[in-house]
Amino acid sequence: MSVQKTGVPMSEKQISSQVGKFTSRGVDVYYGDKQALFGIDIDIMENKVTSLIGPSGCGKSTFLRCLNRMNDVIDICRFEGEILLDGQDIYASEIDVVELRARVGMVFQKPNPFPKSIYENIVYGPRIHGMIDGRSDADEIVETSLKRAGLWNEVKDRLNEPGTGLSGGQQQRLCIARAIAVNPEVILMDEPCSALDPIATAIIEELIDELKENFTIVIVTHSMQQAARVSQNTAFFHLGKIIEFGETDQIFTNPRNQQTQDYITGRYG
Amino acid sequence: MQKHIVTAFEDDLKALSHKISKMGGLAEEQLAMSIKALETNDFELAKKTIAADKVIDELELDIEERAILVIAKRQPMALDLRRVIVTIRISSDLERIGDLAKNIAKRVIAIDGQTPKSLVSGFHAMSELAQKLLKDVLDAFASEDVEKAVRVWRKDEDLDALYNSIFRELLTYMMEDTRNISFCTHLLFGAKNIERIGDHATNIAENIHYMVTGVLLTEERPKMDNTSTSKFDFDENSNI
């Protein structure tokens with residue numbers, strides 16, 4: 001087993017040659033007295049899909065939320081360490097969190113469109129970020145965002161209907177379109193398909209595949225098969241630590257670590 | 001190794017590996033029977049050997065079907081995935097071994113006990129080694145013993161060397177007297193079959209290596225079978 005400078009056991013196929021979008025070093029997170037993450041060192045590669053897997057409570061969602069400072073809203077949550085986005089410390093005092101979250105968008109487990117029209121769902125973000133100058137701008141953003149999220153053809157004739165009236169899979173794609181609308185660089189997805197049926201899941205997975213051309217994607221998933229299907233790199237979390245990080249192809253055929261093996265093959269771990 | 005949370009999955013994998021062991025045992029037996037039939041010129045035993053191949057063929061289909069079902073139902077990962085894939089591959093090697101043994105048995109009637117005395121011991125040595133390789137590789141599979149598998153993998157070289165010498169000897173017999181050509185050709189195919197069985201044993205060894213370590217054996221295997229490039233110069237003074 002070769003050990004990269006980060007100290008995380010790496011697969012034989014090194015992934016260090018790729019460009020790092022996010023660099024996390026020594027990240028510790030505490031909820032009150034309880035430590036949830038222990039010294040997380042990981043490089044999230046640009047224009048790749050990185051999946052974070054691990055049993056419930058392993059810290060994968062906590063880490064995902066560190067990447068756009070969603071944990072800031074939790075009072076008892078304390079962050080230590082360093083996360084760089086394109087080399088810039090996102091926890092530095094001069095960082096505008098609202099701007100950061102525009103660069104690093106998020107899609108949640110349960111589709112959560114605003115109780116507004118499909119159109120309004122898309123333009124809300126660009127509007128508050130001052131990206132819209134007139135009706136034609138707005139129309140264009142709505143069309144491009146929905147097209148990129150693969151939803152345009154299904155909703156183009158009913159843009160003024162409420163977003164909540166769509167099916168679960170469509171709502172999730174609407175949320176992805178909403179995230180894309182502000183032109184982010186990274187999209188974080190927290191179990192984006194766990195509330196969807198297999199067809200809607202397949203459509204989202206196809207979408208993720210297309211989106212990685214333009215965005216860096218980090219996805220938390222409980223489905224091993226989904227992680228294997230959609231991601232290029234996989235990090236296995238256990239009890240707040242990264243146990244193994246490497247190329248997805250290797251993690252799912254020949255993991256280096258016994259704990260990873262036990263987890264992904266469904267053994268008592 | 002920890003057990004699966006889903007017991008039925010554990011049972012499926014165990015059943016696959018039991019079936020391979022059973023198939024391997026039958027292939028071993030079939031090989032032993034075919035060699036015995038050849039050495040003792042026993043037509044009855046030869047017929048029995050030919051008939052026995054059917055069971056091995058059926059087992060291969062059974063294993064394949066079960067393995068496909070495991071993939072469809074359980075979507076195995078990592079070591080489990082490698083186990084299932086390797087099971088399919090090994091069952092196909094064992095099926096071929098059965099066919100080759102059957103083919104040796106078929107030739108018993110044509111050879112009709114005409115094996116020259118000097119060749120009997122060579123044949124015997126070759127078949128003993130092939131049987132040992134097969135037994136060892138099956139043991140290595142059952143115990144997931146990579147080192148043992150690699151030893152089989154290297155040992156195949158010796159089988160190739162034995163085949164080489166039998167090949168040359170048979171050529172000499174054929175040149176001495178054209179009436180020998182018929183049974184010598186059958187013997188040559190028989191020897192080649194045994195040599196091929198060794199190759200299948202090495203395939204199985206490679207698969208065990210992959211199953212346990214997750215890494216393919218890429219090293220070039222030592223090869224001694226050079227009969228495919230051998231030439232025999234006809235001597236003007238020869239009596240052909």
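**Rings, helices and backbone**

Tutor: A:Tyr124 is partly exposed, because its relative accessible area is 37%, which falls between the 20% limit for buried and the 50% limit for exposed. Keep in mind that this is a predicted model. Over all chains, the structure holds 5 aromatic pairs. A:Tyr124 belongs to one of them, with A:Phe114 as its partner. The geometry is edge-to-face: the centres are 5.1 Å apart and the planes stand at 65°.

With 28% relative accessibility, A:Phe114 is partly exposed.

Compare that with a pair in chain B. B:Tyr163 and B:Phe167 form a tilted pair, 6.2 Å from centre to centre with 50° between the planes. These two are 4 residues apart in helix H5 (residues 146-176) of chain B, which means that about one helical turn separates them. Both B:Tyr163 and B:Phe167 are buried.

One further ring meets a charge. A:Lys241 lies over the face of A:Phe38, 5.2 Å from the ring centre.

Next, the helix packing in chain A. Helix H6 of chain A spans residues 168-181, and helix H7 of chain A spans residues 198-211. Their axes are 9 Å apart, at an angle of about 20°. H6(A) is therefore roughly parallel to H7(A). The crossing is right-handed. Which residues meet there? H6(A) brings A:Gly169, A:Gln172, A:Arg173, A:Ile176 and A:Ile180. On the H7(A) side they meet A:Ala200, A:Ile203, A:Ile204, A:Leu207 and A:Leu211.

Chain B gives a second case. Helix H1 (residues 7-40) of chain B and H3(B) have axes that come within 9 Å and cross at roughly 15°. That angle makes H1(B) roughly parallel to H3(B), because angles under 35 degrees count as such. Here the crossing is left-handed.

Stay with H3(B). B:Thr87 is found in this helix, residues 78-111 of chain B. B:Thr87 is buried, because its relative accessibility is 5% and the limit is 20%. Apart from neighbours within four places in sequence, B:Thr87 is in contact with B:Leu16, B:Ile20 and B:Ile63.

B:Leu79 also sits in helix H3 of chain B. With a relative accessible area of 6%, B:Leu79 is buried. Setting aside neighbours within four places in sequence, what does B:Leu79 contact? From chain A come A:Thr253, A:Gln261 and A:Thr265; from chain B come B:Met1 and B:Met211. Now look along the chain. B:Leu79 and B:Ala110 are 31 residues apart, and their C-alpha atoms are separated by 47 Å.

The backbone deserves a look as well. Most residues other than glycine have a negative phi. B:Ala78 has a positive one, about 45°. B:Ala78 is in helix H3 of chain B and is buried, at 0% relative accessible area. In chain A, A:Asp86 also has a positive phi, near 50°. A:Asp86 lies in the loop between strand E6 (77-85) and strand E7 (88-89). Is A:Asp86 buried or partly exposed? Its relative accessibility is 43%, so A:Asp86 counts as partly exposed.

Finish with A:Thr62, in helix H1 (residues 60-66) of chain A. A:Thr62 counts as buried, at 11% relative accessibility. Beyond the neighbours within four places in sequence, A:Thr62 contacts A:Val29, A:Tyr31, A:Ala36, A:Leu37 and A:Asn71.

Key
Residues are numbered from 1 along each chain as its sequence is written. Chains are lettered from A and ligands numbered from 1 in the order in which they are written. This is a predicted model: local features need pLDDT of at least 70, side-chain atom pairs count only at pLDDT 80 or more; totals for chains, interfaces and linings use all residues. Side-chain values use heavy atoms; hydrogens and water are left out. Rings of Phe, Tyr and Trp (its six-membered ring) pair if their centres lie within 6.5 Å; planes under 30 degrees apart count as stacked, over 60 as edge-to-face and the rest as tilted. Buried means under 20% relative accessible area, exposed over 50%, partly exposed in between (1.4 Å probe, protein chains only). A charge sits over a ring if NZ of Lys or CZ of Arg is within 6 Å of the ring centre and within 35 degrees of the ring normal. Contact means heavy atoms within 4.5 Å. Axes are lines fitted to C-alpha atoms, for helices over the stretch in contact, and angles run from 0 to 180 degrees between N-to-C directions. Angles under 35 degrees count as roughly parallel, over 145 as roughly antiparallel, 65 to 115 as roughly perpendicular and the rest as oblique. A crossing is left-handed if the near helix is turned anticlockwise from the far one by less than a right angle, and right-handed if clockwise.
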